[in-house]
Amino acid sequence: MSMSNSLKKLSSCVLIDLDGTLINTDGVVVDILRKYLCKYGKQWDGRESLKIVGKTPLEAATTIVEDYGLPCGVDEFNSEFYPLFSAQMDKIKSLPGANRLIQHLKGHGVPMALASNSSRANIETKISYHKGWKECFSVIIGSDEVSKGKPSPDIFLEAARRLNKDPADCLVIEDSVTGVLAGKAAGTKVVAVPSLPKQTHLYTSADEVINSLLDIKPEKWGLPPFQDWIENTLPIDPWRIGGPVIKGFGRGSKVLGIPTANLSTKDYAEQLVEHPSGVYFGWAGLPTRGVFKMVMSIGWNPYFNNSEKTIEPWLLHDFTEDFYGEELRLIIVGYIRPEANFPSLESLVAKIHEDKEVAERALDLPSYAKFKQDPYLSK
């Protein structure tokens with residue numbers, strides 16, 4: 001194989017999906033479905049998410065009506081569901097890294113199309129709540145503008161055509177298996193950002209599977225690289241959480257030799273959904289003891305294969321005693337890496353210590369150090 005053939009064909013434009021890729025529609029949809037199904041005496045089963053991610057509204061509605069044996073028809077379901085959904089559209093948040101990606105590509109003049117299985121009108125409404133987004137896309141296309149929605153390639157082929165690009169020069173970014181199949185069928189390169197945890201094995205046809213948009217490396221696809229990483233860390237919009245320290249799995253200090261301070265996940269379930277699993281850092285405040293550097297993991301800890309997503313902060317200080325029951329305040333200011341699985345306990349522990357060093361160094365930089373004074377930490 002000659003060198004020229006083995007080089008990856010580089011992308012010159014980006015086709016991005018909307019729901020679940022740029023915005024967290026699923027949270028709002030699930031909320032409404034949960035309440036809606038109660039009306040019929042049914043209980044929402046989280047596994048249904050697998051069946052409706054990436055579907056056209058009609059397909060999703062059909063799935064729900066059939067699976068739950070609802071007494072209403074699909075049209076009736078839609079006519080009741082859509083007004084409820086429209087009323088909540090302003091609450092749909094952008095996903096971490098979405099704004100950063102869009103502004104970066106726009107700033108570098110990379111042509112972008114928004115290509116979604118929603119209807120065109122629905123897409124326009126959703127993005128109207130995200131300032132500056134509409135202007136970033138040269139093309140916006142919904143499933144009502146082509147003969148078939150994803151997994152058929154029509155939407156992506158039409159988006160490429162409107163951008164005057166060959167599909168082979170396009171990079172598709174998608175969160176659903178449906179969307180990945182559509183991108184591959186259209187002949188594009190596809191980066192998958194699965195919106196369903198622990199389902200990465202379903203995305204084998206994608207060219208790359210990443211944990212969240214924070215992890216996308218545009219230069220891999222011939223696009224301009226991000227310039228915002230500093231000393232192996234990515235500054236993020238700070239978020240604050242707190243609560244009493246509870247007993248964890250007991251493996252932090254026992255198995256890993258790393259004393260983590262666990263918070264109850266019930267109190268910040270929303271943030272857990274909102275933030276991708278991975279390793280973060282920031283400052284931790286204990287009202288009676290002061291403010292300390294902190295590195296933390298958020299996620300399922302593949303090595304231990306947790307059944308629920310947890311937050312495990314490690315306060316970088318030698319405490320002489322436990323502080324169960326004390327109020328812990330955290331401000332998370334930066335991101336280090338996605339969650340990963342490890343072949344052995346040793347390699348996991350080594351990586352955690354490496355994360356610790358990255359965090360300790362970074363927190364001395366002025367852009368992160370300033371948050372040590374945040375009033376939230378010492379309330």
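1. In E8, Leu263 is the bridge partner of Val245. Strand E7 (residues 234–246) and E8 pair in the antiparallel sense over two bridges; two strands count as paired if DSSP finds at least two bridges between them. Strands (E, at least two residues) and helices (H or I, at least four) are DSSP runs, numbered from the N terminus.

2. This is a predicted model, in which local features need pLDDT of at least 70 and side-chain atom pairs count only at pLDDT 80 or more, while totals for chains, interfaces and linings use all residues. Residues are numbered from 1 along each chain as its sequence is written, and side-chain values use heavy atoms, with hydrogens and water left out.

3. The pairing of E7 with E8 belongs to an open sheet of six strands in the order E8-E7-E12-E9-E10-E11, with antiparallel pairing. Strand E8 (262–263) and strand E11 (310–315) are the edge strands, each pairing on one side only.

4. Helix H13 (residues 345–362) lies across strand E9 (278–286), strand E10 (290–299), E11 and strand E12 (327–338), and runs at about 105° to E12. Axes are lines fitted to C-alpha atoms, for helices over the stretch in contact, and angles run from 0 to 180 degrees between N-to-C directions. Contact means heavy atoms within 4.5 Å.

5. Helix H2 (residues 25–39) packs against helix H5 (residues 74–88) at an angle of about 135°, with the axes 10 Å apart. H2 and H5 are therefore oblique to each other (angles under 35 degrees count as roughly parallel, over 145 as roughly antiparallel, 65 to 115 as roughly perpendicular and the rest as oblique). The residues of this contact divide into nine nonpolar, two polar and two charged. Ala, Val, Leu, Ile, Met, Phe, Trp, Tyr, Cys and Pro count as nonpolar, Asp, Glu, Lys and Arg as charged, and the others, Gly among them, as polar.

6. The axes of helix H4 (residues 57–67) and H5 come within 9 Å and cross at roughly 110°. H4 and H5 are therefore roughly perpendicular to each other. Pro57, Leu58, Ala61, Thr62, Ile64 and Val65 of H4 make the contact with Val74, Phe77, Asn78 and Tyr82 of H5. By class, the contact has eight nonpolar, two polar and no charged residues.

7. An automatic or database domain assignment supplies the domain bounds: domain 1 (13–21 + 92–221), domain 2 (25–91) and domain 3 (234–377). The centres of domain 2 and domain 3, taken over C-alpha atoms, are separated by 35 Å.
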